[in-house]
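Hello,

Here is the structure we talked about handing over. My notes on it follow below.

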Amino acid sequence: METTPVKMSDIRVPKRSELNEGKIRSIENSPDSIERLIHSKSDPIALNKGKPPYEVYSGRHRVYVAAQKGIKVIPAVFT
């Protein structure tokens, strides 16, 4: 699947209270960097088609952590 660069400001970043705390910690403590996790070719972040702000279809925890780390653009596919 081909990814498209998407500005974080165009994505509805989930609130921490909407997410699984264990998954957040797992990403934060991963030996892989968040940059590597968001650029995964086998498990890309997926956003719902439509107008911004885009809803996250898959990868909510990675999007949340990326936003917390100040990442401005992420690669994503649209579903």
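Which residues are buried in α3? They are His 61, Arg 62, Val 63, Tyr 64, Val 65 and Ala 66. Please keep in mind that this is a predicted model. After α3 comes Gly 70, which has a positive phi, near 85 degrees.

Next, the core. The largest nonpolar core has 19 residues, and within it Ile 11, Leu 47 and Ile 74 touch the most other members. Two or more residues each come from α1 (21-28), α2 (34-38), β2 (45-47), α3 (60-68) and β4 (73-78). The biggest share is that of α3, which gives four residues.

Leu 47 is worth a look on screen. Setting aside neighbours within four places in sequence, Leu 47 is in contact with Val 6, Ile 11, Tyr 54, Glu 55, Val 56, Tyr 57, Ala 76, Val 77, Phe 78 and Thr 79.

Two of those contacts, Tyr 54 and Phe 78, come up again in the aromatic rings. The structure holds one aromatic pair. The ring centres of Tyr 54 and Phe 78 are 4.9 Å apart and the planes stand at 70 degrees, so this pair is edge-to-face. The pair links distant parts of the chain, 24 residues apart: Tyr 54 sits in the loop between β2 and β3, and Phe 78 in strand β4. Tyr 54 counts as buried, at 15% relative accessibility, whereas Phe 78 is partly exposed, at 29% relative accessible area.

Regards

Conventions
Residues numbered from 1 in each chain as written. Predicted model: local features only at pLDDT ≥ 70, side-chain atom pairs only at ≥ 80, totals over all residues. Heavy atoms only, no water. Core = buried A, V, L, I, M, F, W, Y, C linked by side-chain atoms within 4.5 Å. Buried < 20%, exposed > 50% of the residue type's maximum accessible area, 1.4 Å probe, protein only. Contact = heavy atoms within 4.5 Å. Phe/Tyr/Trp six-rings, centres within 6.5 Å; stacked < 30°, edge-to-face > 60°.
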